[in-house]
Amino acid sequence: MVPPTSSATETSSGITLNVNGEKHTLPVDHRTTLLDALRERLDLTGTKKGCDQGQCGACTVLVDGRRTLSCLKFAVAAEGREITTIEGVADGDRLHPVQQAFLDLDGYQCGYCTPGQICSAIAVIEEHAAGWPSAATADVRPEAGPPPLDADEIRERMSGNLCRCGAYVAIVGAVARATEEVRADAVPTEEALA
Amino acid sequence: MTTATGTTRTTGAVGTARTRVEGLDKVTGKARYAGEVPFADLAHGWIVVSTVARGRIRSIDDAPVREMPGVLAVLHHGNAPRLQENFVGTMGPDPVAEILQRDRVPHVGAPVALVVAETSEQAREAAEALVVAYDTEPHDVAFDREHPGRYTPEATVQGPAVTEKGDLEAGLAASAVVVDELYTTPEQHHNAMEPHAAMARWDGGRLEVVDTSQGTMMTANDLAALFQLDPESVRVRSEHVGGGFGSKGWVRAHNVLAVMAATVVGRPVRVVLTRRQVFSLTGYRSPTAQRVRLGADADGRLRALDHDGISLTSTLTEFVEATGAFGRAMYEAEALRTANHVVALDVPTPTFMRAPGEAPGSFALESALDELAEKCGIDPIELRARNEPAVGPVTGLPFADRELLTCFREGARRFGWDGRDPRPGVRREGRWLLGTGTAAATFPAGVAPSTAAVTAEADGSFTVRINAADVGTGARTAIAQVAADALAADPQRVRVRIGDSDLGRAWLSGGSMGTRSWGWAVMAAASELRERLALSADLPPEGITVRSDTTEAVGALAERERHSYGAQFAEVAVDVGTGEVRVRRMLGIFAAGRIVNPLTARSQFVGGMIWGLSMALHEEAFRDRVSGGLANGDLAGYHFAANADVPVIEADWVHDPDPDDPVGIKGIGEIGIVGAAAAIANAVRHATGVRHRALPIRPDRVLAAGAAPEGTARA
Amino acid sequence: MREFGYQRAHDVAGAVALLDAAPEARFLGGGTNLVDLMKTGVERPALLVDVTELPLDGIEVTADGGLCVGATATNSDLAAHPEVRRRYPALAEAVLAGASGQLRNMATVGGNLLQRTRCGYFADTARPCNKRTPGSGCSAREGVHHNHAILGASAHCVATHPSDMAVALAALDAVVSYETASGTGELAWEDFYLPVGDTPHRETALPPGALITGVTLPPAPVAARSRYRKVRERASYAFAIGSAAAALDVRDGVVHEVRLAFGAVASRPWRARTAERALTGGPATAAAFAAAADAELAAAEPLPDNAYKVPLLRNVTVALLSELADRTEPTEGAQR
């Protein structure tokens with residue numbers, strides 16, 4: 001039995017958020033979402049607010065390496081997690097292959113859903129490398145082997161990121177190209193991905 | 001040469017694919033949109049909206065809310081700053097902008113108060129706690145073609161409400177083949193990914209607003225008029241815009257209330273709409289019901305064409321979704337009538353949405369053409385060829401140019417249309433019935449006066465200043481390309497400054513007229529600058545600046561039928577057992593002027609076609625008759641296409657430089673959606689043998705309609 | 001959203017104690033439903049007890065060949081787990097058919113079972129809704145209801161349960177384990193969700209303050225041949241308008257064992273026992289599948305705008321069972 005501590009009645013807390021490898025200590029109103037903490041408190045406005053209801057994917061960030069909707073996560077509940085936002089996916093001045101592919105292939109128009117698309121795509125490539133099936137996978141049984149990351153698989157896996165400009169066709173191309181580049185880079189560490 | 005990805009001039013910047021100049025900022029998250037520019041001492045506003053569809057505010061109990069943590073102000077009709085009465089904005093009388101001015105509630109989701117607080121969390125909680133009491137009145141939100149309140153407006157934003165030529169009834173009576181059908185489209189919402197947001201502050205006697213706007217000139221002028229300020233004292237900035245599609249640039253709740261709040265609390269205030277508020281506060285496309293009557297000889301030549309549409313508007317003001325405008329310059333017919341009607345209901349005010357009029361209008365008329373082709377036993381493309389007009393069917397004006405059939409020929413070749421078996425309902429692949437369809441597209445090619453300034457900087461670079469907006473079109477990049485060619489310079493040496501009302505007068509990003517209007521002004525200034533530079537090699541430290549104003553040149557354009565054209569093709573798969581429809585591929589071939597940037601232009605065409613797909617299969621706002629509000633006003637309930645809905649979609653273009661534009665541009669923002677839904681509906685008919693005349697083609701509708709057995713395809 | 005306290009629980013006893021001490025408290029799992037409902041004002045807890053760090057995220061094969069899934073296992077981990085995909089492919093498919101990759105990474109198995117309806121009136125605090133505000137009325141019955149219930153509804157509520165995962169669990173006879181301050185307990189699937197009746201706001205038989213700790217699937221060899229089929233208004237990232245989970249074991253052309261459950265048709269995942277009874281021991285033919293679906297759907301009481309769900313479920317059932325019958329016979333034996 002654990003007696004309620006002060007934070008059971010306190011409505012704000014001092015927390016430390018680990019974002020893009022940097023620790024930020026800040027007081028937060030418990031009502032503050034991770035999305036608002038990033039945008040309003042840490043001035044990391046690359047993560048976008050499209051619906052604030054988990055219905056568009058614009059706020060996608062990586063939490064402990066997994067793509068997550070930051071609008072549905074309270075900042076206080078994100079303490080202790082490793083958070084990666086669009087501002088943290090490049091390697092210094094060298095864009096992540098997904099970023100470069102979106103840029104080169106015009107995988108966006110207005111750009112508002114783009115950071116979420118890119119964070120999502122980075123995770124899609126990793127999820128697929130880990131052998132995760134999707135709703136587009138014809139046979140999910142492990143005996144069937146991992147599905148190829150073809151256009152239908154990319155479309156399904158990227159469907160949690162809405163784009164109203166209609167950049168989907170180029171997004172699929174960009175994710176496909178980036179997948180090849182990530183895998184080429186990852187040859188020596190294939191085991192780590194699986 | 002019938003097609004070219006690119007243009008005849010391949011040496012210049014115009015016509016060469018270029019990635020977006022702001023692309024790096026967009027893929028790294030550095031690009032800041034309206035709600036993301038930081039300000040010291042920023043306060044946050046949260047809008048409270050009405051919960052009843054018609055009535056008056058009896059009371060607003062703001063006293064307890066003012067005592068809540070962090071609350072700075074509660075604005076409502078009883079205490080809000082007074083605005084210009086009978087406000088007339090850039091686009092005409094606009095009572096929707098007169099926010100918090102009276103106790104009258106015109107619809108569910110109308111602004112009734114704004115709570116301003118230190119944090120957005122505090123403002124939201126206080127807004128939820130605000131008790132508003134209403135005296136309600138019976139409301140009417142039921143859109144119906146035969147509504148007793150229907151009337152014919154004096155005019156629409158797309159021209160006259162009614163055009164009539166020839167004896168329609170006689171033409172129909174003399175026709176061997178007649179199509180007479182009703183087509184409907186539902187209420188549709190823009191839903192740009194970036195919700196409307198604005199920050200307002202007073203700075204040294206000037207009002208500064210950071211807004212999400214398709215045109216800051218309009219926003220600034222309208223805010224000045226609404227708040228009765230000197231236009232010079234209002235500055236609106238809009239660096240990056242997360243999509244607009246017709247919904248941004250107006251003075252609406254977010255920016256009006258931000259200005260009011262900044263004025264009252266004396267601090268910068270930001271107001272961001274929730275997604276639900278976007279549905280009720282920023283406009284939408286009206287539902288439409290359109291009766292189309294076509295009369296033709298047995299060989300498909302039209303004798304009579306009647307396109308009669310009705311849309312709704314609000315009780316506040318009139319906005320007409322002019323579906324009847326689509327057919328005015330498309331097909332030759334001795335008797336031709338187009339008409340637009342409207343009915344005012346207790347609903348939010350509809351507005352321009354990507355291809356207003358043409359998008360729903362083309363669904364109806366291009367579906368009807370397909371029905372006529374089938375009845376006549378003529379290929380749908382051949383039918384259109386037989387009805388090609390020599391001059392504007394309504395105006396009698398010559399066409400500036402018209403490459404519709406070129407688009408169809410090229411599209412048919414690339415899509416594999418030739419040899420298509422016209423019989424419906426005979427192609428099966430597993431659970432799927434397969435079909436193909438086509439439809440025509442058109443959109444007016446317009447231009448509006450703009451000003452621009454181009455500077456030759458002392459360091460050898462150039463700066464273009466023009467109050468354009470980049471809502472995702474690639475405007476910055478296109479402007480740099482146009483300027484580079486006019487200056488005979490590398491586009492890398494051209495900086496472009498846009499999105500700031502202090503930059504001067506320019507047309508907004510709308511009506512497929514942005515790039516053309518800006519390009520003209522930039523071309524004029526840059527060309528003159530180049531001539532001046534040729535005369536003098538010495539640059540002063542401040543550089544040399546040349547300004548342009550295209551008002552005169554644009555006004556001198558001869559009257560012509562000026563349009564873009566396109567041919568849309570779609571292949572669909574339909575499971576009539578579940579009602580699922582999947583688009584397997586689409587192809588659009590467009591004649592839309594000189595293409596400045598093939599990379600971003602293709603994105604816009606394809607994006608428009610995806611809008612058409614989405615309109616055909618998914619989009620529909622459900623208005624609850626009892627409450628008057630939407631039953632699905634969020635992105636989980638209001639479906640637009642997700643990635644998995646979108647197949648390989650190709651867009652390309654034929655050589656079609658506008659003969660009267662200095663750059664040859666026509667405009668491409670809207671034509672991609674026009675005809676796309678009809679092509680899909682026509683393909684569904686070809687697949688299943690059943691004609692769907694109500695959008696969207698939902699699973700329940702497909703399921704209920706089923707498939708016509710082979711050879712018995714029914715209407 | 002009102003202000004609230006936040007506690008991260010590190011053991012189950014502590015979590016249930018916290019909730020027991022604070023009547024306006026809620027457990028916070030992935031937050032994918034609760035946080036949204038807090039934003040719309042439907043839920044106004046005074047305390048959130050974060051259960052995501054409880055040691056309840058395991059997915060293990062049980063000694064008898066069934067499966068034990070911890071309540072805080074994410075939907076993603078459940079769908080990716082090789083033993084789930086091997087033994088209960090319909091469950092993996094159902095989870096993958098739901099929401100999006102991001103939401104599946106967040107959503108927990110326990111939370112998924114407790115999802116609230118997606119009825120638009122439930123989410124709109126300005127409208128009557130008996131599920132949200134008992135006694136206020138049902139707006140959907142006379143309003144927009146094309147995606148509402150056709151089975152098991154009442155005059156008080158016609159909302160549907162939105163989960164895909166739970167439809168597969170219904171077909172698999174899952175057992176729900178929970179813990180309260182006074183001890184642990186289990187609920188058989190049939191007892192877990194309550195009938196709508198005149199208490200649509202009471203959705204499950206969980207005692208007050210109970211924390212779901214896990215879901216146990218009994219061994220079900222038939223489930224190795226199972227699938228989930230979902231129909232929705234766009235191809236992905238949308239709730240079902242009709243779905244079915246099915247498992248089928250056909251021997252010599254005769255249905256030896258069948259499991260069938262429907263989604264998006266009732267306030268709970270709808271186990272189609274009438275259809276199962278009609279099929280068992282009979283021929284595995286499309287005609288028999290259709291007759292069984294008809295028998296199940298004979299109880300349907302559609303509203304004016306959702307009658308399409310009757311033929312939809314019938315057709316999905318026939319297609320799904322036919323596919324399973326084709327897949328399993330004659331090349332694969334009954335042992336798989």
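## A loop residue in chain B

Leaving aside neighbours within four places in sequence, B:V391 is in contact with B:G396, B:L397, B:P398 and B:F399; two residues are in contact here if their C-beta atoms, placed from the backbone, lie within 7 Å. This is a predicted model, in which local features need pLDDT of at least 70, side-chain atom pairs count only at pLDDT 80 or more, and totals for chains, interfaces and linings use all residues. Residues are numbered from 1 along each chain as its sequence is written, while chains are lettered from A and ligands numbered from 1 in the order in which they are written.

B:V391 sits in the loop between α9 (380-386) and α10 (404-415) of chain B. Helices (H or I, at least four residues) and strands (E, at least two) are DSSP runs, numbered from the N terminus. The C-alpha atom of B:V391 is 8.5 Å from that of B:E332, a residue 59 places away along the chain.

## The helix that follows

Let's move on to α10(B). Its 12 residues reach 16 Å from first C-alpha to last, close to the 16 Å expected at 1.5 Å a residue; the expected span is 1.5 Å times one less than the number of residues. The buried residues of α10(B) are B:L404, B:C407, B:F408, B:R409, B:E410, B:G411 and B:F415. They pack against α9, β21 (432-444), β26 (563-575) and β27 (580-591) of chain B. Just after α10(B), B:G416 takes a positive phi of about 80°.

## The largest nonpolar core

A nonpolar core is a set of buried Ala, Val, Leu, Ile, Met, Phe, Trp, Tyr and Cys residues joined through C-beta atoms within 7 Å. The largest one has 422 residues, and the members that touch the most others are B:V115, B:I479, B:A483, B:V522 and B:I680. Not counting residues up to four places away in sequence, B:V522 touches B:A452, B:V454, B:V464, B:I466, B:I479, B:V482 and B:A483.

Chain A has 6 helices and 5 strands, in the order β-β-α-β-β-β-α-α-α-α-α from the N terminus on. Its C-alpha atoms fill a box of roughly 50 × 40 × 30 Å along the principal axes, and 60% of its 194 residues are buried.

Where chains A and B meet, the contact takes 48 residues from chain A and 45 residues from chain B. On the side of chain A that touches chain B, α1 (34-41), α2 (97-105), α3 (114-129), α4 (151-157) and α5 (168-185) each supply at least two residues. By class, that side of chain A has 23 nonpolar, 13 polar and 12 charged residues. Here Ala, Val, Leu, Ile, Met, Phe, Trp, Tyr, Cys and Pro count as nonpolar, Asp, Glu, Lys and Arg as charged, and the others, Gly among them, as polar.

## Chain C

Chain C has 13 helices and 12 strands, and its C-alpha atoms fill a box of roughly 60 × 50 × 35 Å along the principal axes. Of its 336 residues, 63% count as buried.

Chain C is divided into domain 1 (5-53) and domain 2 (225-328), with bounds that come from an automatic or database domain assignment. The centres of these two domains, taken over C-alpha atoms, are 36 Å apart.

Notes:
Buried ≥ 20, exposed ≤ 12 C-beta atoms within 10 Å, placed from the backbone.
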